Amino acid sequence: MSALFPLNPTMWQEWTKDEACLITSSESVSSIEPLYERGVHEYLSVPLWSEYLNFIQERDESVSQCTPEGVEKMRALFERALTAAGLHVVDGGKLWAAYREFEQALLIAMEENSKDVKDKQVDRIRNLFRRQLSVPLSDIDSTLQDYKFWEEQQGVVIGNDIDHLAGLPSNVISAYKKALQMYNARAGYEEKVARGKHADTELFQNYLSYINFEESSGDPARVQILYERAITEFPVANDLWLSYTQYLDSNLKVPSIIKSVYAIAVRNCPWVEALWAKYMLALERFDASEEELSAVFERSLHCGFPNPNERAAEYLSSHLNYTDQFLHLHAYWARLEYQLGGDLEAARGVWESLIKTCGGMLEVWQGYINMELSAGNISEARAIYKKCYSRRFKGSGSEEICESWLRFEREYGSLDDLDRAITKVTPRLKELRLFQQQQETKSHEIVGPSPIGQKDDITKSVTKEKATYQASSKLSNSLQASNKRKTGVGFNDRKDQFKRKKGAHGKGLSSVTPNKGGELGLSNNDGKDRDTVSRELVHGEAYQQTEVANLNSVEQPVYTDQCTAFLSNLSFEVTDEQLRQFFSDTGGVMAIRLLRDRFSGKPRGLAYIDFQNEEKLSAAVEKNRQTLLGKKVSIARSNPKQSKREQPGRGRIAGGRGGRALSGRGSDTRTDERRGSSAQSAPTAVSNQQKGHVKLTGSNTFAMPRNVARTARPLGWGVKDNRSNDAEETPKSNEEFRKFLLKS
């Protein structure tokens, strides 16, 4: 029985006494010693140690005859006893006293020996007294009196009327005072843990308080002794074992002691899986052999943990990270519950718990359905299909589960069941196919490079975008060809609003309708459309691509450019890897965006590079004008916030450069001349902002307020002046424009 369950100290005492009564010769002593060794190894018991020592002294002939081998054996056994229980505050003094009595008996037996041998033995006994006086024991005062009496027998007087410690060495006095102080600090705790004075619950709490006090003192040996005393009283308290082993792992770290404690712990509380796990970790920490680890692991598997599969899933879930292995683990768990345990509800619970965490995996639902089908539960399998057919799975999983449901109904269901499944699945499949088509369309229409050799459907999408782009270009050319305006500045807004086609609406250039005079009317908000056209005429291809993308309702990628450099004058043959190598000395390159022509896919010599932080960006800007592939690269900081603040200025630039086509002023010759000198005229057309006031310079007459345009003639038109539509208008200065407004 002791091989499976530990025996308490009382049982070990009874067993050893019974065995000792049966021996008839000294040769049988060797068969009793292992019993004592096993008993003192399992629990801390001073009475068991005392009986063990007495048995060896009485029954071992080498010890009783005082042979050198017997004396050394007995001394080693006493030292082991003091190490194991000599610090026991209440009962430890008994072991010290037994040791001293043994040595004193040896001294008496040495009367015929030489003086040197006797003096050596006297010193041994004196050291035992002094060692005991340095330990906080309950009988420390009686030990001091015994020591004084023994010293008087040796001719040494200790103490007087003034100082009872006079005559002792200073180190012995200081050790005695410290031990006495330590005992006084622990006397109250010892009173609380005295057996028979308190109930078990109260006694357990008193031991915990005592242990906390000893841990605060910082003496691992005393803490270990107190843990051993508590475990002797409460051997199946798993929390106490866990706390004890945790303390040993953190503070003592002695392999032999820790292994021994874990071996006893798992025998007392084999149902605590945490103890087994910590036991194996300790063995691995101390480089135990693979055979020893395997043996402990095999023993742990036979201890009957509560729901080991659940523990395994909980432990392995953090390592498998919801992969296929994680699914296989739960499938195996459910199969064990159903096939071996015969508990279908428990197996369903396994799948339901897995669905809560991995409901987006198609394989989870399929495994659940297959289990119900193997059990012959058709209605339950159908209920699972109804729960999962509307879910979205990766790839084509959503279509697959719908088609699987239809196959299921064809095989197991009736015609009515099949019709009901078709009624639910058909709209779902249409929705999935429509969504797939939309995703394909979006992927084809995203603005970006179009490498050569794309598939036919992408080519068709690009052809469609080209047609839209050509339509917008025709609109721009028509606006440029319109050299005259009728009444007012801009277009005939009110007439165009009534001439729009019914239902025509949208953003930007969404509807274009011809007027009687051949002009073009823009739908939606006229002012907004004019700005759109102006931006398109000025910014050319880049802005036209944005307008075409808006017409096709394609969402372009949005880049914040918070820590981005803009590169220009790049070689057309440059690659992402070459740019990354170019900035290898600065580092911090996060992303590289090479700009390419939308339709041809050819490089434009421009790029945006995102950096990790401002420090890396500043280092990159310092490489400005350095050579890359034979060209000096221009590097500047990309500032999206500044671009947003200057957005209205872009419209004014459009008015200064491309706005002539909208105003309708001047002949074609003048338009060509201005186009040729746009580089010189553009700066004068930009508005100067000073202290919140906008000052218009140059020929910005297109910016006349709409209300003024509706009540007055444009600048350069007299009250009685009836110019023909073909006459050329002379632009007026801002001063003349101001005087005209004041007169009005």
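Mentor: Let us begin with a term: a residue is buried when its relative accessible area is under 20%, exposed when over 50%, and partly exposed in between (1.4 Å probe, protein chains only). This is a predicted model, in which local features need pLDDT of at least 70 and side-chain atom pairs count only at pLDDT 80 or more, while totals for chains, interfaces and linings use all residues. Residues are numbered from 1 along each chain as its sequence is written, and side-chain values use heavy atoms, with hydrogens and water left out.

Trainee: Is V261 buried or exposed?

Mentor: V261 is buried, because its relative accessible area is 5%.

Trainee: Where is V261 placed?

Mentor: V261 belongs to helix α13, residues 255-268. Helices (H or I, at least four residues) and strands (E, at least two) are DSSP runs, numbered from the N terminus.

Trainee: And which residues is V261 in contact with, leaving aside neighbours within four places in sequence?

Mentor: They are E228, W241, Y244, T245 and L248, where contact means heavy atoms within 4.5 Å. Between V261 and E228 there are 33 residues of separation in sequence and 9.6 Å in space, C-alpha to C-alpha.

Trainee: Changing topic: what is the strand order in the open sheet of 4 strands?

Mentor: The order is β4-β5-β3-β8, and the pairing is antiparallel. Two strands pair if DSSP finds at least two bridges between them.

Trainee: Which strands stand at the edges?

Mentor: They are β4 (589-596) and β8 (634-638); each has a single partner strand, so one side of each lacks a neighbour in the sheet.

Trainee: Over how many bridges do β3 and β8 pair?

Mentor: Strand β3 (residues 564-568) and β8 pair over 5 bridges. Within β8, S638 is the bridge partner of T564.

Trainee: Now salt bridges. How many does the count come to?

Mentor: The count comes to 25. A salt bridge is a side-chain nitrogen of Lys or Arg within 4 Å of a carboxyl oxygen of Asp or Glu.

Trainee: What links K73 and E33?

Mentor: K73 forms a salt bridge with E33, and their closest N and O atoms are 3.2 Å apart. K73 is in helix α5 (residues 68-85) and E33 in helix α2 (residues 29-42), 40 residues apart.

Trainee: Why does K73 count as partly exposed, and why is E33 buried?

Mentor: K73 is partly exposed because its relative accessible area is 33%, whereas E33 is buried because its value is 18%.
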